Amino acid sequence: QVQLVESGGGLVQAGGSLRVSCVVSGTIVSVYTMGWYRQAPGKQRESVATITPGGTTNYTDSVKGRFTISRDNRKNTVYLQMNSLRPADTAVYYCNADRWRDTSHIKYWGQGTQVTVSS
């Protein structure tokens, strides 16, 4: 059974930093494109950052230069370092694992971790 467990969320003041982690069990992270998504109240879930098995990263415009996604395949863990946080970053942050195997699109989600940025 594949599980993604996020941790590291919390309350931080604007301008502060947080690092959220996603530990994956039941499969190996190295074959997946891993991503962090977020969903604020009343808004759709949006992609924040992704990292491919080869290490290519992609960020939504609003977090470029402030957030960094990374992966440690030995620990089966993905991280999102968030700096210069803004109140607009307040959301539940979800970890995602995504891959294609033959014609099957495989996706797994974590349960989410709350990040709250106060002004």
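D89 is buried, with a relative accessible area of 2%; buried means under 20% relative accessible area, exposed over 50%, and partly exposed in between, with a 1.4 Å probe and protein chains only. The model is predicted: local features need pLDDT of at least 70, side-chain atom pairs count only at pLDDT 80 or more, and totals for chains, interfaces and linings use all residues. Residues are numbered from 1 along each chain as its sequence is written, and side-chain values use heavy atoms, with hydrogens and water left out.

**Salt bridges around D89**

- The structure holds 6 salt bridges, a salt bridge being a side-chain nitrogen of Lys or Arg within 4 Å of a carboxyl oxygen of Asp or Glu.
- One of them pairs R66 with D89, whose closest N and O atoms lie 2.8 Å apart. This pair links distant parts of the chain, as R66 sits in the loop between β6 (57–59) and β7 (67–72) and D89 in the loop between β8 and β9, 23 residues apart; strands (E, at least two residues) and helices (H or I, at least four) are DSSP runs numbered from the N terminus.
- R66 also counts as buried, at 7% relative accessibility.
- R38 forms another salt bridge with D89, with 3.0 Å between the closest N and O atoms. Here too distant parts of the chain are linked: R38 belongs to strand β4 (residues 33–39), D89 to the loop between β8 (77–82) and β9 (91–101), and 51 residues separate them.
- The relative accessible area of R38 is 6%, which makes R38 buried.

- R74 and D72 form a salt bridge in which the closest N and O atoms are 3.5 Å apart.
- R74 is exposed, with a relative accessible area of 78%, whereas D72 is buried at 14%.
- Elsewhere, salt bridges that share partners join R38, E46, R66 and D89 into one network.

**The largest pocket**

- The largest pocket has a volume of about 190 Å³. A pocket is an open set of points on a 1 Å grid over the protein atoms alone, where a 1.4 Å probe fits, with protein on both sides within 12 Å along at least five of seven lines.
- Of the 13 residues lining this pocket, R38, A40, K43, E46 and A88 are the closest to its centre; lining residues have an atom within 4 Å of a point.
- The lining comprises 3 nonpolar, 4 polar and 6 charged residues.

Conventions. Grid points are joined across faces, edges and corners, and a volume is the space filled by probe spheres set on the points. Ala, Val, Leu, Ile, Met, Phe, Trp, Tyr, Cys and Pro count as nonpolar, Asp, Glu, Lys and Arg as charged, and the others, Gly among them, as polar.
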